[in-house]
Amino acid sequence: MAKWTKYLIPTAIISGQKNVSSAGTAEALGSATDIISVTIKAKSSNTGNIYVGGSDVSSSNGLILEPGDAVSLDINDLSTVYIDADTNGEGVSYLALK
């Protein structure tokens, strides 16, 4: 086993939910938190799409999540993941491994 793999073993789970206040405005998924990965799921109650990406995410460049869709990302900081929405107040739930 490679020596570095011990650093990739999760030691905690962070769960949360995030709603986009104003559709068309990218919002960070969470505050600066060291993580290994995150799984993001669009709420099944959403009526529109959610868009996942970087700080410039929008409906024209984000990964599209329809209601109930999910995506997993290997990333080291929760605050670098952004979401946008088609509809005010809609959002996602997430589980991050730390």
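## Pairing of strands E2 and E7

Glu 27 has Ile 83 of E7 as its bridge partner. Strand E2 and strand E7 (residues 82–85) pair in the antiparallel sense over two bridges; pairing requires at least two bridges between two strands in DSSP. This is a predicted model, in which local features need pLDDT of at least 70, side-chain atom pairs count only at pLDDT 80 or more, and totals for chains, interfaces and linings use all residues. Residues are numbered from 1 along each chain as its sequence is written, and side-chain values use heavy atoms, with hydrogens and water left out.

## The four-stranded sheet

The open sheet has four strands in the order E2-E7-E4-E5, paired antiparallel. Strands E2 (27–28) and E5 (63–65) are at the edges with a single partner strand each, so one side of each lacks a neighbour in the sheet.

## Overall fold and dimensions

The protein chain contains zero helices and eight strands (DSSP runs numbered from the N terminus: helices are H or I of at least four residues, strands E of at least two). Its radius of gyration, 14 Å, is close to the 13 Å given by the globule rule for 98 residues, so the chain is as compact as a globular protein of that length. The radius is taken over C-alpha atoms, and the rule is 2.2 Å times the number of residues to the power 0.38.

## Burial and contacts

Of the 98 residues, 35% count as buried, that is, under 20% relative accessible area with a 1.4 Å probe, protein chains only. Among contacts (heavy atoms within 4.5 Å) with a separation of 6 or more, 82% join residues 24 or more positions apart.

Note on methods: Buried < 20%, exposed > 50% of the residue type's maximum accessible area, 1.4 Å probe, protein only.
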